[in-house]
Amino acid sequence: MQTPGISLRPVAQRSDHALMLQAVAAADEVRYATSPNPWVGAVLVTSDGRSFSGATEPAGGRHAEVVALEQARAAGADPSGGTLLVTLEPCHHHGRTPPCTDALVAAGVRRVVVATLDPDRRVSGRGIDALRAAGIEVELGVAAAEAEQQLAAYLTHRRTGRPWVTLKLAATLDGRTAAADGSSRWITGEEARADAHRLRAEHDAVLVGAGTVRADDPALTVRHVRGRDPLRVVLGHAPAGARVHPALELSGPLPEVLADLAERGVLTVLVEGGPTVARAFHHAGLVDRYVLYLAPAFMGGSDGAPVFAGAGAANVAELRRSRLLGVRQVGDDLRLDLAGAPVPAVVV
C-alpha cells in the first residue's frame, strides 16, 4: 500500500505546474485549521523521483515545507538534491517555529519553486533572497493564480492590515430581507441555513450590529453542521442577556474595527448584519466577497426591509457592478457568490 502523501510517479512525467497544483490541493485540506497562519501546501520531489506532500499544521505546528521534508525522511528518502514546490514564499524569521529557509538549506534542497511571494513584512522577498544566497535555485510564479486565489484572505490581511470580509445576505426574489413587521425567520429553507452555518464555520469571526442582536437575538454559533464557532463580534453594545455573549463589542469607523480584528489575528470575517450594517460595508468598499441566498418567494411590496438600507445609486450609471463567481442550488434556494473589492497587488 502506498503511504498517503507519497507518490512514486517519476518526476519527469510531471511538470512544475502540475506539482504545484498538488501542493495547492494539500493546502486545501487544512484551509480552516491553520489560522492565523496561512494555509500553505508543499511538495518535495527527491532526486530519485519520489514526491512527498505536506501542509501547514495548526498554529504552533510545523509549516508545510518542514512537513514535506520530514515525510521524506520518515520514508527513508534523502531530500538533498531535490526540488521543493510551495504555494507561499518560505518564511525567513523566527516565530512560533524556526525559519523554513533554514530547514531547506540544511536539507540540501537544490531547487525551490514558489507560487507567490509572502507580503508579510517579515518575509516579503527575504525568504527567496536567503535561499538564493545559499546557492539554491529559486523559481517564482508557478501556478500563481491558483495559489493566490486560495490564499486571498491571508494576502488581503497582510497587504491591507484588515481581514478578508464576506458579506452574507438572504433575500426574497424581490429583494426583501424581512417583512414589514420585522420578521425574517425564515426566508430561506433548512438546507440554505445549514449552508450558511458551514460558511460561518469557515470564518475566524462573525460580525453583526447591535440592532440585529436586539431584534433577532442570534447565537451566531455553528449548530447545523460540524465546525468551530467563530469569534462573535458586535458593532455597538449587546444587551447583557443576549445569546451572542460572550462577544467582542467594538465601535468606531469600520476600517478601525477591521484593523482591530486584524491585530487580534482574525484573517476572515463573515458579516451577517442587517440592512444598515450591510450597506455600511458595501458603500465603504470593504466587502471582498458577497454570498447571497435567494429564496423562491416574493414579499410582494415595498414595505419590507431591503438588502441595503438608505439611498442607493442615483442612476444606472452609478450601479456598483460585481462579478459572478458561482451559482448553485441549495435545497429550494439559490446561493450566489459574487466578487467584491479586488485584492491589492503586493509590493516587494
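The structure is a predicted model, in which local features need pLDDT of at least 70 and side-chain atom pairs count only at pLDDT 80 or more, while totals for chains, interfaces and linings use all residues. Residues are numbered from 1 along each chain as its sequence is written, and side-chain values use heavy atoms, with hydrogens and water left out.

Strands and helices here are DSSP runs numbered from the N terminus, with helices being H or I of at least four residues and strands E of at least two, and two strands pair if DSSP finds at least two bridges between them. On this basis strand 12 pairs with strand 7 in the parallel sense over 4 bridges, Trp164 having Thr268 as its bridge partner in strand 12. Strand 12 also runs parallel to strand 9 (residues 205-209), joined by 3 bridges, with Val269 in strand 12 as the bridge partner of Ala205.

## Strand 13

Strand 13 (residues 289-295) is mostly covered, with 7 of its 7 residues buried. In a regular strand the side chains alternate between the two faces of the sheet. In strand 13, Arg289, Val291, Tyr293 and Ala295 point one way, and Tyr290, Leu292 and Leu294 the other way.

Strand 13 pairs with strand 7 in the parallel sense over 7 bridges, and Val291 is the bridge partner of Lys168 in strand 13. Strand 16 (residues 333-339) runs antiparallel to strand 13 and is joined to it by 6 bridges, with Ala339 in strand 16 as the bridge partner of Arg289.

## The largest pocket

The largest pocket holds about 870 Å³ of space. A pocket is found on a 1 Å grid over the protein atoms alone, as an open set of points where a 1.4 Å probe fits, with protein on both sides within 12 Å along at least five of seven lines, and lining residues have an atom within 4 Å of a point; grid points are joined across faces, edges and corners, and the volume is the space filled by probe spheres set on the points. There are 36 lining residues, and the closest to the centre of the pocket are Lys168, Ser184, Trp186, Asp216 and Glu272.

Elements that give two or more residues to the lining include strand 7 (164-172), helix 8 (210-216) and helix 10 (275-283), while helix 7 gives the most, with 5 residues. The lining divides into 18 nonpolar, 10 polar and 8 charged residues, where Ala, Val, Leu, Ile, Met, Phe, Trp, Tyr, Cys and Pro count as nonpolar, Asp, Glu, Lys and Arg as charged, and the others, Gly among them, as polar.

## Two nonpolar cores

A nonpolar core is a set of buried Ala, Val, Leu, Ile, Met, Phe, Trp, Tyr and Cys residues joined through side-chain atoms within 4.5 Å. The largest one has 33 residues, of which Trp39, Leu44, Leu84, Val86, Leu104, Val109 and Val112 touch the most other members. Among the elements that each supply at least two residues of this core are strand 2 (41-45), strand 4 (83-88), helix 3 (100-107) and strand 5 (111-116). A second, separate core of 28 residues includes Leu167, Ala205, Leu258 and Val277.

Contact means heavy atoms within 4.5 Å, and, not counting residues up to four places away in sequence, Leu44 touches several residues, among them Phe52, Ala68, Leu69, Leu84 and Val109. Strand 4 is mostly covered, with 6 of its 6 residues buried; it pairs with strand 2 in the antiparallel sense over 4 bridges, where Ala42 stands opposite Val86, and with strand 5 in the parallel sense over 5 bridges, where Arg111 is the bridge partner of Thr83.

## Helix 6 and two alanines

The buried residues in helix 6 include Ala152, Tyr154 and Leu155, and the buried residues of this helix pack against strand 4, helix 5 (144-150), strand 7, helix 9 (254-263) and strand 12 (268-271). Gly161, which follows helix 6, has a positive phi near 75°.

Ala238, in the loop between strand 10 (231-235) and strand 11 (248-250), counts as buried because its relative accessibility is 11%. Ala238 touches Val213, Val244, His245 and Glu249, not counting residues up to four places away in sequence. Ala106 lies in helix 3 and counts as exposed because its relative accessibility is 69%.

How values were computed
Buried means under 20% relative accessible area, exposed over 50%, partly exposed in between (1.4 Å probe, protein chains only).
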